[in-house]
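Work through the exercises below with the structure open beside the text. Each task is followed by a solution in steps.

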Amino acid sequence: MAKALYLEDSYLKECDATVTSVKEDKYVVLDQTIFYPKGGGQPWDTGKIIREPDEINVVYVGKFGGEISHEVDKPGLKEGDKVHCVLDWDRRYKLMRSHTAAHVLAAILCRETGALITGNELATDRTRFDFNLENFDRDAFQAYVAMTNKVLMQDIPVRCYNLPREEALKIPGMVKLAESAPPDIPILRIVEIEGVDKQADGGTHVKSLKEVGQIKFVKAENKGKNNRRVYFELTE
Ligand SMILES: [Zn+2]
């Protein structure tokens, strides 16, 4: 199992690695990686795997059978190759900012309305957010966005650490997802936004809310009786 360096330090932009397997000339597994595999509503990272003098693009990263698989656009990598990995940092950093913003908005939405999150998908341009609220009030939602932006202006630290599952599940507000309980593993990774939110989460986040900037409401849709869908984006 490859070491997931992005869980320990989401600011790593480059790393050395060794190729541990290659399937069909394009699915590459490394002994350690900075590339985030699609999951938990966060898209995969892109970037390059360099084996001098070749630069090979990473076009998709997923988790298959517990392994992190990097899909590359050119054949040639072989087991045992020493490589250097470089992230498309602009893309990743935007996703980190959006992901942390989504946690703040979710915390405020849950606190103010009691709604639970039913779906969440980050993208580099905008973030989709589904929650179970019968009466959706656009003005009220704008107010939650404004509250979120107020919180985002503060230099509040974001920390990631591991906790035993039973201990983690005792934290109030830990589960804001309506359908999916945290994965059934003994140790959960917690993302804590000090004084704002604690979630079991495997994504990549910024280290201070100040880095997020501000968000703006894009649009809302009704997706059935109890299901509201909203989109927000980062303002640059
Ligand atoms: Zn998350």
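Two strands count as paired if DSSP finds at least two bridges between them. The model used here is predicted.

**Exercise 1. Find the residue in E15 that stands opposite Lys-216, and describe how E14 and E15 pair.**

Step 1. E14 covers residues 214-222, and strand E15 covers residues 227-235.

Step 2. The two strands pair in the antiparallel sense, over 8 bridges.

Step 3. The residue of E15 opposite Lys-216 is Glu-233.

**Exercise 2. Give the strand order of the open sheet of 4 strands, and explain why one side of E9 and of E14 is left without a neighbour.**

Step 1. The order is E9-E10-E15-E14, and the pairing is antiparallel.

**Exercise 3. State which strands helix H2 lies across and which strands helix H3 touches.**

Step 1. Helix H2 (residues 89-113) lies across E9, E10 (127-132), E14 and E15. H2 runs at about 135 degrees to E15.

Step 2. Helix H3 (residues 138-152) packs on the sheet and touches E10, E14 and E15. The direction of H3 makes about 155 degrees with that of E14.

**Exercise 4. Decide whether Phe-131 is buried or exposed, and list its contacts beyond four places in sequence.**

Step 1. Phe-131 lies in strand E10.

Step 2. Its relative accessible area is 0%. The cut-off for buried is under 20%, so Phe-131 is buried.

Step 3. Leaving aside neighbours within four places, Phe-131 is in contact with Leu-109, Ala-115, Leu-116, Ile-117, Thr-118, Phe-136, Phe-141, Asn-226, Asn-227, Arg-228 and Val-230.

Step 4. Lys-223 is 92 residues from Phe-131 along the chain, and their C-alpha atoms are separated by 9.7 Å.

**Exercise 5. Name the protein donors of the zinc ion and explain which parts of the chain the pair His-99 and Asp-201 ties together.**

Step 1. The protein donors are His-99 (NE2), His-103 (NE2) and Asp-201 (OD), at 1.9 to 2.0 Å from the zinc ion.

Step 2. Their spacing along the chain is H-x3-H-x97-D.

Step 3. His-99 belongs to helix H2, while Asp-201 sits in the loop between strand E13 (197-200) and E14, so the pair ties together parts 102 residues apart in sequence.

Step 4. His-99 is buried, at 1% relative accessible area. Asp-201 also counts as buried, at 14%.

Terms used. Residues are numbered from 1 along each chain as its sequence is written. This is a predicted model: local features need pLDDT of at least 70, side-chain atom pairs count only at pLDDT 80 or more; totals for chains, interfaces and linings use all residues. Side-chain values use heavy atoms; hydrogens and water are left out. Contact means heavy atoms within 4.5 Å. Axes are lines fitted to C-alpha atoms, for helices over the stretch in contact, and angles run from 0 to 180 degrees between N-to-C directions. Buried means under 20% relative accessible area, exposed over 50%, partly exposed in between (1.4 Å probe, protein chains only). Donors are N, O and S atoms within 2.8 Å of the metal (3.2 Å for Na, K and Ca); water is not among the atoms, so sites may look incomplete.
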